[in-house]
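Please read this report with the model open beside it.

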Amino acid sequence: MTGNESARRHTRDDVAETALRILDDYGLPDLTMRRLAAALDVQASALYWHFPNKQTLLAELADRIVGRAAVPAAGAGADWPDRVRGEAAALRDALLAYRDGAEVVASTAALGLGGAPAQQRLEAAVRSGGFDDETAARAATALLHFVLGHVSHEQQRMQFDSIGVLATGEAADPLDETDSAAAFAFGVDLLVGGLHRLRDASAPAAADRPEEISRSRT
């Protein structure tokens, strides 16, 4: 069987979904093209028919992980702070649904790969508060960095806990939280609060502009 014939036995979707299962079962370090090929019963070279390299495969996995984030209960008609909180929480849940999910998304974002759906959803939520595009983009980036960092730490802690290597007592991780969801929500609230302050600070300046224009015409 030729490489092309072997590749056509499976679709791009087959390859990506199998890779997600391997990621969940074994973790990112053990998600190799050789292991993936074996799971699909094809030669490793056949995978490159669908994905030219492992980085593009991981970018596809990142987009799928983020793409499965639930639509927040706070819909388009909700206040912008609730939309931002909802999108951040939905992204956290999506990342936690897959082993090493945060690391996969963070690594592909750092390389500028994938479709950046997480950034886009967070930007839309911030922009609904009347913020300009530049502010929305910067705020979404800050939020995304927080979400990825927080979930990455959560997932590392869960893995260490599963093999019984977590420290206790004085040597315990100072970032450890007994309620990770509450700690996450607190962090998001800090960022939302910062946006509130930025919005309040810019409001008086915007309100003064018509008066300044009027004075300039007299």
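## Terms and model

Residue classes work as follows: Ala, Val, Leu, Ile, Met, Phe, Trp, Tyr, Cys and Pro count as nonpolar, Asp, Glu, Lys and Arg as charged, and the others, Gly among them, as polar.

This is a predicted model, in which local features need pLDDT of at least 70, side-chain atom pairs count only at pLDDT 80 or more, and totals for chains, interfaces and linings use all residues. Residues are numbered from 1 along each chain as its sequence is written, and side-chain values use heavy atoms, with hydrogens and water left out.

## Overall fold

The protein chain has 9 helices and 0 strands. Helices (H or I, at least four residues) and strands (E, at least two) are DSSP runs, numbered from the N terminus. Of its 218 residues, 37% count as buried. Buried means under 20% relative accessible area, exposed over 50%, and partly exposed in between (1.4 Å probe, protein chains only).

Contact means heavy atoms within 4.5 Å. Among contacts between residues at least 6 apart in sequence, 73% join residues at least 24 apart.

## The second largest pocket

Pockets and cavities are found on a 1 Å grid over the protein atoms alone. A cavity is a set of points where a 1.4 Å probe fits but cannot get out. A pocket is an open set with protein on both sides within 12 Å along at least five of seven lines. Lining residues have an atom within 4 Å of a point. Grid points are joined across faces, edges and corners, and a volume is the space filled by probe spheres set on the points.

The second largest pocket has a volume of about 180 Å³. Of its 16 lining residues, V105, A109, L113, A116 and P117 are the closest to its centre. Helices α4, α6 (101–110) and α7 (117–127) each give two or more residues to the lining. The most come from α4, with 4 residues. By class, the lining has 10 nonpolar, 5 polar and 1 charged residues.

## Cavities

The whole structure holds 2 cavities of 30 Å³ or more.

## Packing of α2 and α4

Helix α2 (residues 12–26) packs on helix α4 (residues 54–67) at an angle of about 80°, with the axes 10 Å apart. Axes are lines fitted to C-alpha atoms, for helices over the stretch in contact, and angles run from 0 to 180 degrees between N-to-C directions. The two helices are therefore roughly perpendicular. That label covers 65 to 115 degrees; under 35 is roughly parallel, over 145 roughly antiparallel, and the rest oblique.

From α2 come R12, D13, V15, A16, E17, A19, L20 and L23, which meet L57, E60, L61, R64 and I65 in α4. This contact has 8 nonpolar, no polar and 5 charged residues.

## Single residues

R35 sits in helix α3 (residues 33–40). R35 is partly exposed, at 31% relative accessible area. Leaving out residues up to four places away in sequence, R35 touches I22, Y26 and D30. The C-alpha atoms of R35 and I22 are 8.3 Å apart.

Most residues other than glycine have a negative phi. D41 has a positive phi of about 60°, and so does D100. D41 lies in the loop between α3 and α4 and is exposed at 55%. D100 lies in the loop between α5 (80–96) and α6 and counts as buried at 7%.
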